[in-house]
Amino acid sequence: MAHTEGRWTEAQPIVSLKDVRKSYGTVQVLNGISLDIMKGEVVCIIGPSGSGKSTLIRCINALADIQGGSIQVEGQEVHDAKLDKLALRKKIGMVFQQYNLFPHKTALQNVMMAPVKVLKENRVEVEKRARELIRKVRLEGKENSYPGELSGGQQQRVAIARSLAMRPDIMLFDEVTAALDPETVKEVLVTIKDLAAEGMTCILVTHEMGFAREVADHIYFTDKGVIVEHGPPETFFTNASDPRTRQFLSQVL
Amino acid sequence: MWLPPIPEPARNPALRRPGHMDVLLPRRAYAASALNWRETLLNPVSMTLLFAGLTASLIGAAWAQDAASAQPSVFSVLLKWTPLLGEGFAYNVLISLLSMLIGTVLGVMLGILQVSPLMPVRKFAWLVTQFFRNSPWLVLLFYSILLIPFQVTAFGITVPFPGWLKAVIGLSLPVMAYMSEYVRGAILSVPTGQWESAESLGFTRGQTMRMVILPQTVKRILPNWMNLYAVLTMATPLVSIIGVDDIMGYTRSALSAEGRPDILIPMYLYVLSWFFAYCYPISLVTSWLERRYSVKL
């Protein structure tokens, strides 16, 4: 694949997957996935468990490698041995199901750590930005709390702020509300909705169908490592054509 | 801990109030009201009192003996040699501290290598760890005495290696191996999500290890580390076998100078109490730390 870095414009897809294949041993997890995501789009990936949703978004920021096909982020091939991984990770933020905050650091330190240590930015400026981000995820006053002292929803919002501190162009959300109780799910979803409204490109793996319908510009339904069906939420939820999609929707809606 | 027993509920069914259930009473209070002899005897306060009492009675007996016989009492002999034994014990402490320092630094590095992504490095570190962990400490001491030259000359600078330094190196090898295992275990016990989130934030593997993983392992390693130090201190008398000055060597000199067989057993008991007084507080702090951190995580 020829390098197209530097020639990428916003008219082209910001994330582009072409026939992506991945297997763990003999188990084929991704079986030829192709999708294009434009800048500012909010995309939800839904599907039964084990359908390769999480693996798919892990491949986008090179946490997992692929065996075939190509993934391009802003025109740059992700699975390239010569790839500058730091440059890629500056562009892509990721939030996990289990929050994965650093338990030995306070909320503020968690947010500040990567910009200071990885990007070598000025500590004073980073702190100012980190405090703003914490305010943005509605956690004022929790700056000096340790993750163990915060609820699941609060931890997840710190995790979002931590990813945003790297000023990414794209955010990946891997079932970020799956480990939360129903009441705190909402506070995290509101945060994501705010982000989407600001024009952040978001790729979400989610089981929150109502939320997907509300915020997504485009919905992909995956099963057994392939995209079975995709479309804008109105047509997807009301007018699904594939029987597999209809069956899944009838079970979760 | 003793708690006053809670009054028994009325046994007579006629006197029972509806809704009153025996099972809801705190049973623990009854069990705790019986005094546990282990807790009563074997706690730090009573142990200290016991030793103070023993020492006091020894002093008393010694005075009585001093007054009664022409020969100096056991106690006054022990007191006479105390400065020398103290000096010897200082060597033991010095050797244990230096071995611990070297062993810890090397052990942490070896432990990190044990989880290296490079297979040959991992295997090599594993082999070194297992080799030194499964070797008798005394044999390692003999080896370090025999293999390390008495001085090393490099670039015109001569570094002498006296016996005690060789002993320090010999003892630091098993410490290194144990430490390596503790570090490896602690690193593997940190959830993989920590690695993933650090990686997605752009941290390199080295940065992740240094800033994210290792700080989280300290809590888990600390009790083991202190326990290892106590064990190491108790192993330091081994150096007397290879002719390095320590409390054991000085004790032997003192005994031969006195030439009194009746001193033999009290003297070695005295040496034991030096080690006990040094190591017991460490084990107390260790178990306190273990209790403190076993709840969290």
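Mentor: Let's start with M119(B), which has its place in helix α5 of chain B. Helices here are DSSP runs of H or I with at least four residues, strands are E runs of at least two, and both are numbered from the N terminus. With a relative accessible area of 47%, M119(B) is partly exposed; buried means under 20%, exposed over 50%, and partly exposed in between, using a 1.4 Å probe and protein chains only. F150(B) lies 31 residues from M119(B) along the chain, and their C-alpha atoms are separated by 37 Å.

A word on how to read all this: the model is predicted, so local features need pLDDT of at least 70 and side-chain atom pairs count only at pLDDT 80 or more, while totals for chains, interfaces and linings use all residues. Residues are numbered from 1 along each chain as its sequence is written, chains are lettered from A and ligands numbered from 1 in the order written, and side-chain values use heavy atoms, without hydrogens or water.

Now step back to the whole chain. Chain B has 11 helices and 2 strands, running α-α-α-α-α-α-β-β-α-α-α-α-α from the N terminus on. It has 297 residues, of which 38% count as buried. Among its contacts with a separation of 6 or more, 70% are between residues 24 or more positions apart; a contact means heavy atoms within 4.5 Å.

Next, find helix α6 of chain B, residues 137–147. Which of its residues are buried? They are W137(B), L140(B), L141(B) and S144(B). Look down the axis of α6(B) and these buried residues fall within an arc of 105°, so they line one face of the helix. That arc is taken from the directions from the helix axis to the C-beta atoms. The buried residues of α6(B) are covered by elements including α5 (119–133), α7 (163–189) and α9 (205–235) of chain B.

Let's follow α9(B) to another neighbour. Helix α8 of chain B, residues 192–200, packs with α9(B) at an angle of about 140°, their axes 10 Å apart. Axes are lines fitted to C-alpha atoms, for helices over the stretch in contact, and angles run from 0 to 180 degrees between N-to-C directions. That makes α8(B) oblique to α9(B), since angles under 35 degrees count as roughly parallel, over 145 as roughly antiparallel, 65 to 115 as roughly perpendicular and the rest as oblique. The crossing of α8(B) and α9(B) is right-handed, meaning that the near helix is turned clockwise from the far one by less than a right angle.

Who touches whom? Q194(B), W195(B) and A198(B) of α8(B) make the contact with R205(B), T208(B), M209(B), V212(B), I213(B) and Q216(B) of α9(B). Sorted by type, the residues of this contact are 5 nonpolar, 3 polar and 1 charged. Here Ala, Val, Leu, Ile, Met, Phe, Trp, Tyr, Cys and Pro count as nonpolar, Asp, Glu, Lys and Arg as charged, and the others, Gly among them, as polar.
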